[in-house]
Amino acid sequence: MNKASFNHSPEYLEYLANLDKDFYIDILENSHNEVYVTNKEGKIIYVNPNSIRNYGLKPEDLIGKNNYDIWRGKWNPPVIQRCIEERRTIFAEQNYLITGKDITTIVTPIFDDESEIKYVLCIVQEAVKEYDISYKNINAEAFEKKQIRETKKKRKFKSEIIGYSYDFCKILVRMQRVAHSEVPVMILGESGTGKSLLAEYIHENSNRKDNPFIMINCAAIPETLLESELFGYAPYAFTGANPKGKTGLIEMADSGTLFLDEIGDLAPSLQAKLLDVLENKRFIPVGGNEIRSVDIRIITATNRKIENLVKEKKFREDLYWRINISTTTIPPLRDRRDDILPLLSFYLNKNNIKYGKKKDFSPNVIGILLEYPWPGNVRQLKNLVELLFIMASGNTIGVNHLPEFILDEIEEPQGINPNSYEYIIDSVKKSVIRDFYKKHPTSRELGVALGLSQTKANRLINQYCGDIINAD
């Protein structure tokens, strides 16, 4: 602080000088708003933990870095350089392009005794109109409800394809190019990585986008039913059949795209019929004798090692080479961690709109979820966000709302470095358990309060509350 810029009394200046350093640290570290400080050269000097919530980056990831190098091309509009050039406080509404989050930033130059800029102070928060403000008059509450209704009307989630990581963006660019062709596409990847979303993304970027997109999971329907679902059937084709017959999904997809998920589970007899569709653009309905022509594009997906199925003679090699013209593999979420924060923000915002709320993650929760391995990939993340949203009664989703299996993934600290991530996470767990144990001083009560098994609760009490137990 430039003391000379304020007309403080000597007594007050002495009072400030005698305040403990921890006093300032506690205020800065626990501020709900993000506090972000650079020097005049743009070097980041201080960031409080809200950087985790806003960007998915811990303070130690930012401090010492150049502001321009870190944020180039990620903010619209950039404001710190303008503040330095104009030597005045800037009030700005910005958009963080990675997550799509809109924020309000107040950027203030701090001058030294020679009136030169020494620091640039940024106070960052989401737009106040989007908060659930508890203390307000009736008219303000009615206005906010109107804002929520209007936001619901404006925001339409046309696609859930969210990705910022380099590898995933490369896939999207490549698929945009492939989309304009007619070649079959095969999408590989673990369960839950978003293969069906990518298939729809390809269709929406193709020349067939105004025509049907038909999807079927080959593993979810028994073989005896799957044939009639795909190819349809003629009138009276079998006992119980509709006397008018049935149009199959292949015919329904005419002029559009047919997406066959889990193609590796397709029965050999159906593989032969599908090959005929691909090569000759024709098929015969079940129980029929009339050849029908069809113009479709095929997109397939599987989480299995389909080349192994070919070697084992469980999948036709000729069909494999027919559908394997353009293949892409979606990496698991644990291998594209740059996408975790955008996905968390996207699905949280989606739930805010769906339920007419304005909830947010605490920085500690963001830090934990960024490190979690996500074995169920994007599908697991999407479902967990909705669960956390529902379980959080207030506007902040905290560590106490996280399920036990997430907390169990947090590794114990390997050292005593108080600045290490492991130490911070362990401190969060310790704080939560100790606070709840003071209110619920038995393993059974603690287990009920936190949704833990009594065995788990007892282990955590012994791990973190030994001094409290001994004091009693």
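User: Is E386 buried, partly exposed or exposed?
Analyst: In this predicted model, E386 counts as partly exposed, with a relative accessibility of 24%.

User: Which residue does the E386 side chain meet in a salt bridge?
Analyst: Its partner is K354, and the N to O distance is 3.0 Å. K354 lies in helix α15 (residues 340-355) and E386 in helix α17 (residues 377-391), so this pair ties together parts that are 32 residues apart in sequence.

User: And K354, buried or exposed?
Analyst: K354 counts as exposed, at 52% relative accessibility.

User: What about the rest of α15, how many of its residues are buried?
Analyst: Twelve of the 16 are buried, so α15 is largely enclosed by the rest of the structure. Among the buried ones are I340, L341, P342, F346 and Y347, and N351, N352 and I353 are on that list too.

User: How far does α15 reach?
Analyst: From its first C-alpha to its last, the helix covers 22 Å, which is close to the 22 Å expected at 1.5 Å a residue.

User: What follows α15?
Analyst: G356 does, and its phi is positive, near 65°.

User: Back to salt bridges. How many does the structure hold?
Analyst: There are 15 of them.

User: Nice, can you walk me through another pair?
Analyst: R282 forms one with D276, where the closest N and O atoms are 3.4 Å apart. R282 has 36% relative accessibility and counts as partly exposed. D276 is partly exposed as well, at 25%.

User: Which residue does D61 pair with?
Analyst: D61 meets K58 through their side chains, at 3.8 Å from N to O.

User: Where do those two sit, buried or partly exposed?
Analyst: D61 is partly exposed, with a relative accessible area of 28%. K58 counts as buried because its relative accessibility is 18%, and the cut-off for buried is under 20%.

User: Which residues are linked in a network of salt bridges?
Analyst: That would be R82, E86 and R88.

User: Changing topic: which residues gather in a patch of negative charge on the surface?
Analyst: D20, D22, D26 and E29 make up that patch.

User: Where is D26 found?
Analyst: D26 belongs to helix α2, which spans residues 21-30.

User: And what is the relative accessibility of D26?
Analyst: For D26 the value is 48%, so this residue counts as partly exposed.

Methods: Residues are numbered from 1 along each chain as its sequence is written. This is a predicted model: local features need pLDDT of at least 70, side-chain atom pairs count only at pLDDT 80 or more; totals for chains, interfaces and linings use all residues. Side-chain values use heavy atoms; hydrogens and water are left out. Patches are made of residues with over 30% relative accessible area and no salt bridge: like charges are joined within 9 Å, nonpolar side chains (Val, Leu, Ile, Met, Phe, Trp, Tyr) within 5 Å. Accessible areas come from the Shrake-Rupley method with a 1.4 Å probe; for residues, only the protein chains shown count as cover. A salt bridge is a side-chain nitrogen of Lys or Arg within 4 Å of a carboxyl oxygen of Asp or Glu. Lys and Arg count as positive and Asp and Glu as negative; His and the chain ends are not counted. The place of a charge is taken as NZ of Lys, CZ of Arg, CG of Asp or CD of Glu. Helices (H or I, at least four residues) and strands (E, at least two) are DSSP runs, numbered from the N terminus. Buried means under 20% relative accessible area, exposed over 50%, partly exposed in between (1.4 Å probe, protein chains only). The expected span of a helix is 1.5 Å times one less than its number of residues.
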